[in-house]
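Me: Hi, I have a structure open and would like to talk it through with you. Could you take my questions as they come?

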2 protein chains.
Amino acid sequence: MTQMIDRAETIRNGVDTATMFATLDAIKAQPEIATFRFRAHNQWIGGAHNRSTIHDFYAACAEDTSRQSAFALDAGEPAILLGTDTGPNPAEYLLHALAACVTTSLVYVAAARRVKLAAVSSELEGEMDVRGALGISDDYRNGFTKITIKITLSGDASPEKLREVVERGCRRSAVFDMVSNGVPVDVDVVTP
Amino acid sequence: MTQMIDRAETIRNGVDTATMFATLDAIKAQPEIATFRFRAHNQWIGGAHNRSTIHDFYAACAEDTSRQSAFALDAGEPAILLGTDTGPNPAEYLLHALAACVTTSLVYVAAARRVKLAAVSSELEGEMDVRGALGISDDYRNGFTKITIKITLSGDASPEKLREVVERGCRRSAVFDMVSNGVPVDVDVVTP
């Protein structure tokens with residue numbers, strides 16, 4: 001009974017903070033376990049329809065064995081972009097990646113700082129001029145010119161503290177970093 | 001019958017090239033229709049589990065009415081990153097967004113250039129040192145240090161032509177641009 005209560009007390013926002021702090025300590029003691037490699041395997045199906053399979057990853061000096069099955073993600077384009085709406089389009093997936101990462105980061109930050117969150121939601125929008133991606137003009141970039149995120153959150157802390165949690169969450173988010181600052185991408189092509 | 005044959009001839013790689021060229025002409029004639037706004041609405045569920053709903057978007061000077069229903073995307077983290085594997089993690093979603101965009105872009109380029117593709121697949125990997133995202137050290141960035149994409153494709157063209165198609169596909173991909181070069185992200189926070 002005592003053990004159950006102790007365990008319940010370490011779980012905040014659905015995050016086991018005891019495990020979180022133990023993980024941080026383990027990485028500090030043995031930094032080589034901090035190297036992670038994530039992967040996606042994509043297959044073209046036809047037109048704008050393609051599917052990624054996401055399963056294996058490398059963490060803590062070994063290939064992961066905890067993930068029981070693969071996730072399948074279907075991409076597409078709406079009719080106006082010549083697809084048949086077989087899934088969100090790639091730019092929408094990028095917005096989701098950003099929303100998900102900022103949300104998880106701020107939830108973890110809140111858990112570590114003893115802030116109990118009641119609700120978190122976000123609205124993201126990105127604007128592009130498709131003359132870039134469609135190859136009509138070099139005056140427009142291919143991607144979004146800007147992304148806006150509106151995050152609404154509540155919890156047992158002051159508005160100032162909640163804002164700090166968001167600020168720190170963004171500052172530590174892997175996808176926020178990548179989308180804001182860019183990442184070198186190496187392309188290797190294999191032909192018959 | 002003649003009409004059917006004509007139509008079949010305009011469809012290449014599952015892309016209706018007659019519609020594609022008509023779309024390009026329409027945008028050239030009326031550039032204001034080239035502004036698109038894509039969106040994601042994200043809701044925190046608990047711990048590392050959150051869900052994006054993707055439905056509405058703005059295109060061709062109006063809110064879209066073609067997309068019949070919303071797409072729901074669940075994100076999560078594996079146990080080693082304190083989640084319960086409720087979905088791919090945000091960094092994996094970013095890899096999928098990149099794979100999907102490069103694939104669709106090169107498929108469209110091939111369709112426009114009369115290259116019939118037989119198969120396209122890709123393997124993506126990104127490496128990160130999680131000491132950045134976990135806030136242990138500022139010496140490591142939060143996101144991937146590098147992303148590698150290995151694209152394997154075949155079709156009725158020479159290896160040189162297929163490589164050109166990939167090169168042009170990457171150069172015109174919205175997500176390739178965003179992930180390579182970064183995008184300004186504006187964050188607005190709403191508290192009670």
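Me: Which strand does β8 of chain A join, and how many bridges are there?
Reply: Strand β8 (residues 117–129) of chain A runs antiparallel to strand β9 (residues 146–155) of chain A, and ten bridges join them. Strands pair here if DSSP finds at least two bridges between them. Helices (H or I, at least four residues) and strands (E, at least two) are DSSP runs, numbered from the N terminus. Within this pairing, Leu124(A) stands opposite Ile149(A).

Me: Thanks! Before I go on, what sort of model is this, and how is it numbered?
Reply: This is a predicted model, in which local features need pLDDT of at least 70, side-chain atom pairs count only at pLDDT 80 or more, and totals for chains, interfaces and linings use all residues. Residues are numbered from 1 along each chain as its sequence is written, chains are lettered from A and ligands numbered from 1 in the order in which they are written, and side-chain values use heavy atoms, with hydrogens and water left out.

Me: Which strand of chain B does β8(A) pair with?
Reply: That is strand β3 (residues 35–46) of chain B, which pairs with β8(A) in the antiparallel sense over nine bridges. In β3(B), Arg37(B) is the bridge partner of Glu127(A).

Me: And what does the Arg37(B) side chain lie over?
Reply: Arg37(B) lies over the face of Tyr58(B), 4.5 Å from the ring centre. The test is that NZ of Lys or CZ of Arg is within 6 Å of the ring centre and within 35 degrees of the ring normal. In chain A, Arg37(A) lies over the face of Tyr58(A), also at 4.5 Å from the ring centre.

Me: Switching to aromatics: how many aromatic pairs are there over all chains?
Reply: There are five. One of them is Phe36(A) with Phe38(A), a tilted pair at 5.9 Å centre to centre and 40° between the planes. For reference, rings of Phe, Tyr and Trp (its six-membered ring) pair if their centres lie within 6.5 Å; planes under 30 degrees apart count as stacked, over 60 as edge-to-face and the rest as tilted.

Me: Why does the Phe36(B) and Phe38(B) pair count as tilted?
Reply: Their ring centres are 5.9 Å apart and their planes are at 45°, so the pair is tilted. Back in chain A, Phe36(A), Phe38(A) and Phe57(A) form one aromatic cluster.

Me: Is Phe38(A) buried or exposed?
Reply: Buried, with 1% relative accessibility. Buried means under 20% relative accessible area, exposed over 50% and partly exposed in between (1.4 Å probe, protein chains only). Phe36(A) is buried at 3%, Phe36(B) is buried at 3%, and Phe38(B) is buried at 1%.

Me: What does Phe38(B) touch?
Reply: Leaving out residues up to four places away in sequence, its contacts (heavy atoms within 4.5 Å) include Leu81(A), Leu124(A), Met128(A), Phe144(A) and Phe57(B). Phe38(B) sits in strand β3 of chain B.

Me: How about Glu92(B), where is its place?
Reply: Glu92(B) is in helix α3 (residues 90–112) of chain B. It is buried, with a relative accessible area of 0%. Not counting residues up to four places away in sequence, Glu92(B) touches Phe38(A), Arg39(A), Ile54(A), Phe57(A) and Arg67(A).

Me: OK, the whole interface now. How many residues does the contact take from chain A and from chain B?
Reply: It takes 127 residues from chain A and 126 residues from chain B. The two chains bury about 11,300 Å² between them, 61% of it on carbon and sulfur atoms. Buried area is the accessible area (1.4 Å probe) that two parts lose on being put together, summed over both. In chain A, Phe38(A), Trp44(A) and Arg172(A) lose the most area to chain B, together 8% of what that side buries.

Me: Last one: how many helices and strands are in chain A?
Reply: Five helices and ten strands. Of the 192 residues in chain A, 53% are buried.
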